[in-house]
Amino acid sequence: MSRDIFGPTQPNTGSTARDHLANERTYLAWHRTGISVAALGVAVAKFAPHRGDHAIAAGFILIAAGLLVSAYGTYRYRVISRQLESGVFAPATFAAVVTSSVVTLLALLAVLVLL
């Protein structure tokens with residue numbers, strides 16, 4: 001077992017096709033979530049006109065959070081693809097927690113801006 005920036009790697013003993021397809025499904029889930037959060041930002045900015053500049057600011061915060069989720073999903077997909085090709089796998093721990101925490105904080109900030 002070798003070590004990677006994501007932690008210890010493990011041998012890839014499963015089906016290569018199954019692993020790549022699972023990686024693609026996970027990527028699409030990250031991307032779908034990012035698009036949903038960004039769409040929520042557009043909706044907040046567009047359909048909360050009585051909040052004025054606060055709605056626009058909250059909308060932009062949510063759009064940024066959605067883009068962050070999509071960017072992380074793309075990054076993670078590429079990392080996992082390379083790992084699968086090399087025959088090892090390192091589970092995500094730190095980066096996934098940081099990304100989720102930042103997106104959660106951005107969502108809370110957007111709510112506070114709307115208040």
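Predicted model: local features only at pLDDT ≥ 70, side-chain atom pairs only at ≥ 80, totals over all residues.
Biologist: How many aromatic pairs does the structure hold?
Modeller: Two. Rings of Phe, Tyr and Trp (its six-membered ring) pair if their centres lie within 6.5 Å. Planes under 30 degrees apart count as stacked, over 60 as edge-to-face and the rest as tilted.

Biologist: So is the pair of Tyr27 and Tyr77 stacked or tilted?
Modeller: Tilted, because the planes are at 35°. The ring centres are 5.0 Å apart.

Biologist: Where do Tyr27 and Tyr77 lie?
Modeller: Tyr27 is in helix 1 (residues 16–47) and Tyr77 in helix 2, so the pair ties together parts 50 residues apart in sequence. Helices here are DSSP runs (H or I, at least four residues), numbered from the N terminus.

Biologist: Which residues make the edge-to-face pair?
Modeller: Trp30 and Tyr72, with 4.9 Å centre to centre and 70° between the planes.

Biologist: Is Tyr72 buried or exposed?
Modeller: Buried, at 7% relative accessibility. Buried means under 20% relative accessible area, exposed over 50%, partly exposed in between (1.4 Å probe, protein chains only). Trp30 is partly exposed, at 21%.

Biologist: New topic. Which residues does Ser81 touch, leaving out those up to four places away in sequence?
Modeller: His20 and Asn23. Contact means heavy atoms within 4.5 Å. Ser81 lies in helix 2 (residues 53–86) and counts as buried, at 16%.

Definitions and conventions
Residues numbered from 1 in each chain as written. Heavy atoms only, no water. Helix = DSSP H or I, 4+ residues; strand = E, 2+ residues; numbered from the N terminus.
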